[in-house]
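Biologist: I've never read a protein model before. Could you walk me through one, feature by feature?

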Amino acid sequence: MLPKLSKCFSFTASRDWVYRHLFASAGLRSVATELGEGTTMHCWVPKLQKPCKPSLVLVHGFGANAMWQYGEHVRNFMGHFNVYVPDLVFFGESFTSRNERSESFQAECLVKMMEAHGVQRMSLVGISYGGFVGYSVGVQFPEVVEKLVLCCAGVCLEEVDMQNGLFRVSTLEEASSILLPQTPDKLRELMKLSFVRPARGVPTWFLQDFIQVMCTDYIEEKRELLEAILKGRKLSDLPKIQLPTLILWGEQDQVFPLELAHRLKRHIGENAQMVIIKNAGHAVNLEKPKEFGKHLKAFLIDTGTTKSCPTSPLSSGENIHF
């Protein structure tokens with residue numbers, strides 16, 4: 001019965017609608033901002049910006065869209081921050097006609113979009129690939145970053161690490177086939193790599209539905225994004241940042257092994273603190289949401305943050321989607 005139902009009803013699309021409603025009811029609205037040169041960036045932004053509150057940007061990684069990755073966490077920060085949840089370029093509703101694929105380009109687009117919303121200073125949380133982008137924001141625009149959280153982000157990896165067996169995959173092609181799954185079997189592999197206790201017995205038709213809704217847009221461009229973060233990468237080329245940084249990692253991460261967390265801590269030095277969450281894998285934000293949220297709040301929220309203050313509407317002029 002359910003496989004037949006799935007042909008006319010998408011559980012994934014339905015869940016996506018629920019997240020849209022959750023974000024809207026939390027006080028966010030969906031906005032697409034044109035950045036010029038063929039680039040448009042989508043973001044969930046506050047319906048009412050509160051000038052006396054700091055800004056917090058939650059940046060997603062590969063996989064399900066930003067709403068799915070931060071759905072359980074947005075409300076935890078709305079009382080303390082003006083919260084922004086962007087789609088990086090080639091994810092969600094963001095795209096470019098340019099040939100740029102580096103995380104530095106993603107960082108430039110992110111900062112430019114935030115400037116369009118009148119945000120000059122922000123704290124930033126980056127999960128996995130979002131951490132690569134967040135680190136690049138810290139390198140290129142340190143003056144705009146107050147605090148930085150890098151969650152399971154293998155920023156300190158080197159191309160030679162794949163050849164040396166640090167990862168569960170041995171080639172970029174193999175990594176791409178799992179991180180950008182196009183078959184139920186590949187999606188099952190991704191789940192096994194991402195969770196300590198992946199869901200068992202998930203029916204094939206459900207996985208096919210998820211792939212159809214979440215994993216079929218900009219496939220080639222996303223492969224190029226993966227290639228850009230790996231090809232020729234050397235730790236000696238990675239600039240050091242001087243920002244207050246929290247390194248947050250799942251102890252059993254099989255996508256970016258724990259060694260990369262310790263490597264990142266050594267690279268940043270005394271400005272970084274590190275928290276390892278036990279019995280969690282790469283998708284620590286989904287697998288251990290309470291612990292994940294607790295550590296974020298402890299690091300990001302200043303005890304003196306004001307929770308109520310006058311409101312002022314955001315400037316108009318963006319393309320708004322409901």
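Biologist: Let's start with helix H11. Which helices do the buried residues of H11 pack against?

Modeller: They pack against helix H5 (103-116), helix H6 (129-140), helix H7 (159-163) and helix H8 (172-179). Helices here are DSSP runs of H or I, at least four residues, and strands are runs of E, at least two, numbered from the N terminus. Contact means heavy atoms within 4.5 Å. This is a predicted model, where local features need pLDDT of at least 70, side-chain atom pairs count only at pLDDT 80 or more, and totals for chains, interfaces and linings use all residues. Residues are numbered from 1 along each chain as its sequence is written, and side-chain values use heavy atoms, with hydrogens and water left out.

Biologist: Which residues of H11 are buried?

Modeller: Buried means under 20% relative accessible area, exposed over 50%, and partly exposed in between (1.4 Å probe, protein chains only). In H11 the buried ones are Ile 219, Lys 222, Leu 225, Leu 226, Ile 229 and Leu 230. Looking down the axis of H11, they fall within an arc of 130°, so they line one face of the helix. That arc is taken from the directions from the helix axis to the C-beta atoms.

Biologist: And what comes just after H11?

Modeller: Gly 232, with a positive phi of about 70°.

Biologist: How about H14: which of its residues are buried, and which are exposed on the other side?

Modeller: Pro 289, Phe 292, Gly 293, Leu 296, Phe 299 and Leu 300 are buried in H14. They sit within an arc of 135° seen down the axis, so these too line one face. Lys 290 and Ala 298 are exposed on the other side of H14.

Biologist: What is a nonpolar core, and how many residues has the largest one here?

Modeller: In soluble globular proteins, nonpolar side chains tend to be buried together. A core is a set of buried Ala, Val, Leu, Ile, Met, Phe, Trp, Tyr and Cys residues joined through side-chain atoms within 4.5 Å. The largest one has 103 residues, and Leu 110 and Leu 300 are among those with the most contacts inside it. H5 gives the most to this core, with 7 residues.

Biologist: What does Leu 110 touch?

Modeller: Leaving aside neighbours within four places in sequence, Leu 110 is in contact with residues including Met 41, Val 57, Pro 86 and Val 137.

Biologist: Last one: how much of the whole chain is buried?

Modeller: Of its 322 residues, 53% count as buried. The chain has 14 helices and 12 strands.
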